Amino acid sequence: MNAEGRKAADREKIDWILSDNLRPTLWLIGQLIGYTVSESDAYLLFQDLEDTNCNLGRWSQLRLYGDTGAIDLQIAHDESGSGITFLKFDPTNPVALGVEAILMASAHFKLS
C-alpha cells in the first residue's frame, strides 16, 4: 500500500452492529452530537439501505449535524440474512471515541 492509500485507510474506521440496533444506534449518535434523528430521517435511511451490501462495496451515506458536532457515516448491511450492519466513519473526528463506544454496545447488547 502506498503512502496515499495508508492515509486514506487511517481516516476510515469500520465497526459492526446488530442490524436490529440500527435505529437506536443512530439515535444515540445523534444525541452525542446534539441532533435528534427524526422518523423521516430514519425512513429515508432505511429505504436507502435496502440496496446496500458491504461485500459489494455498496454503502449508504449519512451526514449528521448537531449543536455540538457532526459526523459522516457510511452504512451497509452484510450479506442477506446475517443480521449484521457495518458502519464506517473517520476515526479522527472529535466525536469518534463516543461513536466507537456506542457501536461497541450496539454490537453486543439488544438496544431498545
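I began with helix α2 (residues 22–33), which has 12 residues and reaches 17 Å from its first C-alpha to its last, close to the 16 Å expected at 1.5 Å a residue. The expected span is 1.5 Å times one less than the number of residues in the helix. Helices (H or I, at least four residues) and strands (E, at least two) are DSSP runs, numbered from the N terminus.

I note that this is a predicted model, in which local features need pLDDT of at least 70 and side-chain atom pairs count only at pLDDT 80 or more, while totals for chains, interfaces and linings use all residues. Residues are numbered from 1 along each chain as its sequence is written, and side-chain values use heavy atoms, with hydrogens and water left out.

I listed the buried residues of α2: Leu22, Pro24, Thr25, Leu26, Ile29, Gly30 and Ile33. Buried means under 20% relative accessible area, exposed over 50%, and partly exposed in between (1.4 Å probe, protein chains only). I then looked for what covers these residues, and the cover includes β1, α3, β2, β3 and α4. Contact here means heavy atoms within 4.5 Å. After α2 comes Gly34, with a positive phi near 80°.

I picked Arg23, which is found in helix α2. Arg23 is partly exposed, because its relative accessible area is 40%. Not counting residues up to four places away in sequence, Arg23 touches Glu39, Ala42 and Phe46. I also checked Arg23 against Tyr43: they are 20 residues apart along the chain, and their C-alpha atoms are separated by 9.9 Å.

**Entry: the sheet**

I traced an open sheet of four strands in the order β1-β4-β3-β2, with antiparallel pairing. Its edge strands are β1 (13–18) and β2 (60–65), each of which pairs on one side only. On average, neighbouring strands of this sheet are turned by 30° against each other, direction ignored. Two strands pair if DSSP finds at least two bridges between them. Axes are lines fitted to C-alpha atoms, for helices over the stretch in contact, and angles run from 0 to 180 degrees between N-to-C directions.

I counted six bridges between β1 and β4, which run antiparallel. In this pair, Ile17 stands opposite Thr85 in β4. Four bridges join β3 (residues 70–77) to β4 (residues 84–89), also antiparallel. I found Gln74 opposite Lys88, and His77 opposite Thr85. β3 and β4 form a hairpin with six residues between them, and Gly81 in the turn has a positive phi of about 90°.

How many residues of β4 are buried? Six of its six are, and the strand is mostly covered. In a regular strand the side chains alternate between the two faces of the sheet. I checked both faces of β4: Ile84, Phe86 and Lys88 are buried on one side, and Thr85, Leu87 and Phe89 are buried on the other.

**Entry: helices on the sheet**

I looked at helix α3 (residues 39–49), which lies across β2 and β3 and runs at about 160° to β2. Helix α4 (residues 96–108) packs on the sheet, where it touches β1, β3 and β4. The direction of α4 makes about 35° with that of β1.

In the loop between α3 and β2 I found Glu50. Glu50 is exposed, because its relative accessible area is 58%. The C-alpha atoms of Glu50 and Ser60, which are 10 residues apart along the chain, are separated by 9.4 Å.

**Entry: the whole chain**

I closed with the totals. The chain has four helices and four strands, and from the N terminus on its elements run α-β-α-α-β-β-β-α. With 112 residues, a compact globule would have a radius of gyration near 13 Å, and the 14 Å of the chain agrees with that. The radius of gyration is taken over C-alpha atoms, and the globule rule is 2.2 Å times the number of residues to the power 0.38. Along its principal axes the C-alpha trace spans about 40 × 35 × 25 Å.

Of the 112 residues in the chain, 38% are buried. Among the contacts with a separation of 6 or more, 60% are between residues 24 or more positions apart. I noted an accessible surface of about 6800 Å² for the chain, of which 53% belongs to carbon and sulfur atoms. Accessible areas come from the Shrake-Rupley method with a 1.4 Å probe; for residues, only the protein chains shown count as cover.
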